[in-house]
Amino acid sequence: MMAYIARRLLYAIPILIGVNLITFVLFFMVNSPDDMARAQLGAKQTTPEMIASWKAERGYDKPLFFNAEAPGLVKFSDTLFVEQSLKLFVFDFGKSDAGRDIGADISERMWPSLQIALPTFAIGLITTITLALLIVLFRGTALDTGAMVIAVMIMSISGLFYIIAGQVLFSKILHWVPISGYESGWDGIKFVILPVLIGVFAGLGAGTRWYRSIFLEEINRDYVRTARAKGLSEMQVLFKHVLRNGMLPILTGVVVVIPGLFMGSLIMESFFGIPGLGSYMIDAINAQDFAIVKAMVFFGAVLYIVGLILTDISYTLFDPRVRLS
Amino acid sequence: MIWLLVVALGLWGWTISRSPQVKAQWIAIFRSKIAMSSAIILLFYLSIALLDSLHFRLALPNQTAGQAVQYSGQTTSVLDLVFNEIRNQTERTYSAPFALKEHSTSIIKDEAGLVQQVHLPLTHAGSHLDSAQARNQDILLKSLWAVFLAWLISKALISLHIYWRARVAKISWWQQAGLVVKGQTDLPWRTAYLTFSLALISLGWLYLLGHYYHVLGTDKVGGDVLYQSFKSVRTGVLIGVLTTLVMLPLALILGISAGLFRGWVDDVIQYLYTTLNSIPGILLIAASVLVMQTIISNHPEWFETATERADICLLVLVLILGLTSWTGLCRLLRAETLKISQVEYVTAARAFGVSRFKIIGRHILPNVMHIVLIAVVLDFSALVLAEAVLSYVGVGVDPTMHSWGNMINQARLEMAREPMVWWSLLSAFIFMFILVLAANLFSDRVQRVLDPKNN
């Protein structure tokens, strides 16, 4: 098991290098360090010396991929790309182009993101699975058809609509919760409720449909027939046997996203004014702050790979037939 | 560009009609009433998009004979011509649907020199009315007239179609019509006709009343929201269709070769899609779009007109979306190809020395087509919705381009206004909802018919 995880972590390295390469190429294709320095220093009267010192301060003064002046293999290693990537691998995100410490920013903004994302995920998962099982219980009836039509309709409405309609209804008309904002601790719960509820509702359609199809596939298996033959009630069959066996395909899709919850939701956070990682990214994109975008891309990629590994591990926990080697 | 697409679709349709099995599958799809009506709705959207894609530059008026014809800098599409009057009926600022006065108050001095806050009357809405009281009655009359007219047109077109069907079936018009009314035709033509008339009637109503009122209100600078919503159809449809077209060959080629050739090819392709997948999607798109925007704004000399630039922006966006979204389908195709290449008839074909390409063409492609089709229709609706989100983040289509995302984005800033400006938002959402709902329902049916698991 440990050997397997260690090997998976080794596999992750080339992937992370690839991720870095992509972001690196994308940004420096149009934005050479000189352009960045000029943009950050302001357009007026930038002397070559100022640019040089700005670049030296942030370590942008090396060549991009190939250092012709250095000897031997160092030609490749003493470059901006290697320098910047190596730092990321030890999670040293460095300073943003505007001069703030990215590592500190990320660890500070992670918690507000999590406060929204985690309840949305947990409540959403439980409600959709329960709903799907209930619909499966009534399969083939008008209730099933009706529920599926509603599910498709929920899926077809833009997520932005839910957010805007929710804000207007609950905050502007009913005045139940504040329209946006954030506070840490338990006082902040009034800010969290609405985004969580909207997030859960928006995911209801797609989730229910997906779980329903998984459960429907299970329901025709032999063990279900055996369970019924034993005289178990339909509820018992569903919630004990079908649910457990359906967990495996559900896990594949669900566990991957758990680490990603740290990243927060771009749109939710910017609509509700939550100082999480999602709004951090939007700000960085708008300010064209390469250092932050690069750090966030790397962070996201690491979380995704962790999610993949967790998926494999969770298989061994839920399905004794699976052995990792 | 988009016309090439139509030709390709036509060719595809022709090949389908030649193969009896595939044809039977399609007929099975359309046997469902829901699939039939959603297909008709999709067709309506598609034809609006097509009308809007036929653009040209109008010749400028007042030209002296003998000179080379001068063209205006703005391109106009057929849809623009159809909506010419509605397009030009701009007001000063916001007004609610069917309103006769502006939404916000303005301060004016009356004759006595007193400063007053009043809602100024609109210049184009209801200008034919004598008094504001006559409005409701007028709307009712005009609506009845519009509905009647559209109903007549739809009836005429439907009877033409019945005539054609009757000719094919070699029965009289009345017999065919009787079958339709009783719902005894093989394909649910009754539902189809009903959907068609309903769609045509609502279009006709919106269009005719649009000449007298701002049916869906006006936006900040007084533009008609109805016209904007219709213009946005093209953007949404183009993004949905073109992106899948960019993504499809990539996913097909890479997915099938990974599954078939295995070894290092498989390793490289797997590495590629894991890498792309591990970058948070929206960040990747945002970064690429920002890069492209910088390039485009640094080279203004590449484009002749603003429309052309907006179109190029759209194409680039489509390219980026395509390049970032092929991974999911690729993985599915790889897994399926792995499975199929183990099947006996493929092994047999290989033993006989059939070339790899022939194996792909004859055995693998037809067997993965259902996955591709389902993925394409599902992606289409996801992309239409994604456009709105991307425009909101600021990395969507050109801000000058009409799109639902831009409409939502602009209207969002007015949320705090009292009383609220809701009509732009709502019309964008409804136009989007109908399109996505139709696509989703259609894909549902496609899935049910084509997925071998369900048979």
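Reader: What percentage of the contacts in chain B with a separation of 6 or more is accounted for by residues 24 or more positions apart?

Author: This is a predicted model, in which local features need pLDDT of at least 70 and side-chain atom pairs count only at pLDDT 80 or more, while totals for chains, interfaces and linings use all residues. Residues are numbered from 1 along each chain as its sequence is written, and chains are lettered from A and ligands numbered from 1 in the order in which they are written. Two residues are in contact if their C-beta atoms, placed from the backbone, lie within 7 Å. Among the contacts in chain B with a separation of 6 or more, the part that joins residues 24 or more positions apart is 68%.

Reader: How many helices and strands does chain B have, and what percentage of its residues is buried?

Author: Helices (H or I, at least four residues) and strands (E, at least two) are DSSP runs, numbered from the N terminus, and on that basis chain B comes to 17 helices and 4 strands. A residue is buried if 20 or more other C-beta atoms lie within 10 Å of its own, exposed if 12 or fewer, and partly exposed in between, with C-beta atoms placed from the backbone. Of the 455 residues in chain B, the buried ones make up 36%.

Reader: What are the corresponding values for chain A, namely its helices and strands and its buried residues?

Author: The secondary structure of chain A consists of 15 helices and 0 strands. For contacts in chain A between residues at least 6 apart in sequence, 65% join residues at least 24 apart. Among the 325 residues of chain A, the buried residues make up 32%.

Reader: Is B:Leu114 buried or exposed?

Author: B:Leu114 sits in the loop between β3 (106–109) and β4 (115–118) of chain B. From B:Leu114 to B:Thr400, 286 residues away in sequence, the distance in space is 40 Å, C-alpha to C-alpha. Because B:Leu114 has 8 C-beta neighbours inside 10 Å, it counts as exposed.

Reader: And how does B:Leu81 count, as buried or as partly exposed?

Author: B:Leu81 belongs to helix α4 (residues 78–82) of chain B. Since B:Leu81 has 14 C-beta neighbours inside 10 Å, it counts as partly exposed.

Reader: Which residues of chain A does B:Leu283 touch?

Author: Residues up to four places away in sequence are not counted here. On that count, B:Leu283 touches A:Met281, A:Val293, A:Met296, A:Val297 and A:Gly300.

Reader: Which element gives the largest share of the side of chain A that touches chain B?

Author: The contact takes 35 residues from chain A and 34 residues from chain B. Elements giving two or more residues to the chain A side include α7 (142–156), α8 (159–173) and α1 (2–30) of chain A. The largest share, 10 residues, comes from α1(A).

Reader: How are α11(A) and α15(A) oriented, roughly parallel or roughly antiparallel?

Author: Helix α11 (residues 234–255) of chain A and helix α15 (residues 290–318) of chain A pack at about 160°, with their axes 9 Å apart; axes are lines fitted to C-alpha atoms, for helices over the stretch in contact, and angles run from 0 to 180 degrees between N-to-C directions. Angles under 35 degrees count as roughly parallel, over 145 as roughly antiparallel, 65 to 115 as roughly perpendicular and the rest as oblique. The angle therefore makes α11(A), relative to α15(A), roughly antiparallel.

Reader: And how do α15(B) and α16(B) lie to each other?

Author: The axes of helix α15 (residues 356–393) and helix α16 (residues 404–412) of chain B come within 7 Å and cross at roughly 45°. In this contact, residues of α15(B) including B:Glu387 and B:Tyr392 meet residues of α16(B), among them B:Trp404. The two helices are therefore oblique.
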